[in-house]
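Please keep the sequence and the structure in view while reading.

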Amino acid sequence: MKVIKNWFLKCIIGFSLTILTGCTAEKLPDVYANETLAMTTKQIERAGIYSVSYLKHGNYARLTSDYTNNSLNFDSLSEKNLFNNLYAVYSSKVDLDETLNKFVRLHPQSIIPLLYRGSYFIGEGWRERGHDYANKTSSKQFSGLQHFHALAEKDLKKVLRIMPENYQAMILLADIYMSRKGSQYEMNYYFNKAKAIHPESYPLWYSILNSSTPQWHGSIAMLEKQINEMSNYLEKNERLKRLRNRVLLQQGIYLYRHKDYSSAKEILLKALELGDDAVVFSYLGGVEEKQGNIDDACYYYNESVRLSPFTWLYNMNVAACAKHGYE
């Protein structure tokens, strides 16, 4: 989590534009007004990223500057900031179609607006589909997923035509193919291309390990094989250590889905011994909520949001606490 300097925090008061000595704050009014739960100033400060607000208000120069600065040097912090900005757009329920289309029109040969629009379209696809089980999802919902993911695929492939070594587009494309039946070859193709460029990338291994889980047609054995390969890069990226708990996580998920909440909690707490992880915290929150321990549940949900403020976990976890009157 990027720590925002105190002098910068003084610039942010609510969602209004405030000018202080030597500092001008970004204007952030109502950009999350359409969210299921409005994002509070405290949550914005905790996340430390503003890409949705910049898009909403047409601050394309700042988006371009932030992307460029974070992509100049590859390290765990700059990579985290870069993907957090992309995933904020992915996860937002704010309507960004018009401003993203304008961004692309203004900079037709830049990869940056295409990456943002591609990420947004992936999120739109999942919002159309919903996050329920396949047998509870209608053909219309699946069609919505396919429509938006096809638009994302077009944008991301254009990124690679402009910049063939852009590994962010490769990871996002692999995520699209992971959700598309019969596209295992394409998914692995882009994962392997990204590995050849930055094999120590945290978002890359996060996606690879997710694709290896039983719910994505993988297995515990496949997951263990991928974790062993990932372990070769732990010295290059300390953040990868958080992902070593994936086998225990899958065991905990299995117990959770079979309503053995006490055993699930025991396994998930063991997973945390290998490193903090947003998904583990999220399922621990679910375990505690199912058992009626709302204070503990919201503690775990908030820990999940702290680690991963703008992924698919964000809206789910914040909404889970909101229904019990927690921020």
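Within what distance do the axes of helix 13 and helix 15 come, and at roughly what angle do they cross? In this predicted model, the axes of helix 13 (residues 246-257) and helix 15 (residues 278-290) come within 11 Å and cross at roughly 25 degrees. Because angles under 35 degrees count as roughly parallel, helix 13 and helix 15 are roughly parallel to each other. The crossing in which helix 13 passes helix 15 is left-handed. On the side of helix 13, the contact is made by R246, L249, I253, Y256 and R257, while helix 15 contributes V279, V280, Y283, G286, V287 and K290. Sorted by class, this contact of helix 13 with helix 15 has seven nonpolar residues, one polar residue and three charged residues.

The aromatic side chains form a second topic. The count comes to 16 aromatic pairs, and one of them is formed by F83 and Y87, whose rings are tilted, with 5.7 Å from centre to centre and 45 degrees between the planes. Both F83 and Y87 lie in helix 5 (residues 76-91), where they are four residues apart, about one turn of the helix. The table gives the accessibility of the two partners.

| Residue | Relative accessibility | Class |
|---|---|---|
| F83 | 2% | buried |
| Y87 | 14% | buried |

Since buried means under 20% relative accessible area, F83 at 2% counts as buried, and so does Y87 at 14%. F83 and Y87 also belong to one aromatic cluster, which is formed by F74, F83, Y87, Y90 and Y167.

How values were computed: Residues are numbered from 1 along each chain as its sequence is written. This is a predicted model: local features need pLDDT of at least 70, side-chain atom pairs count only at pLDDT 80 or more; totals for chains, interfaces and linings use all residues. Side-chain values use heavy atoms; hydrogens and water are left out. Axes are lines fitted to C-alpha atoms, for helices over the stretch in contact, and angles run from 0 to 180 degrees between N-to-C directions. Helices (H or I, at least four residues) and strands (E, at least two) are DSSP runs, numbered from the N terminus. Angles under 35 degrees count as roughly parallel, over 145 as roughly antiparallel, 65 to 115 as roughly perpendicular and the rest as oblique. A crossing is left-handed if the near helix is turned anticlockwise from the far one by less than a right angle, and right-handed if clockwise. Contact means heavy atoms within 4.5 Å. Ala, Val, Leu, Ile, Met, Phe, Trp, Tyr, Cys and Pro count as nonpolar, Asp, Glu, Lys and Arg as charged, and the others, Gly among them, as polar. Rings of Phe, Tyr and Trp (its six-membered ring) pair if their centres lie within 6.5 Å; planes under 30 degrees apart count as stacked, over 60 as edge-to-face and the rest as tilted. Buried means under 20% relative accessible area, exposed over 50%, partly exposed in between (1.4 Å probe, protein chains only).
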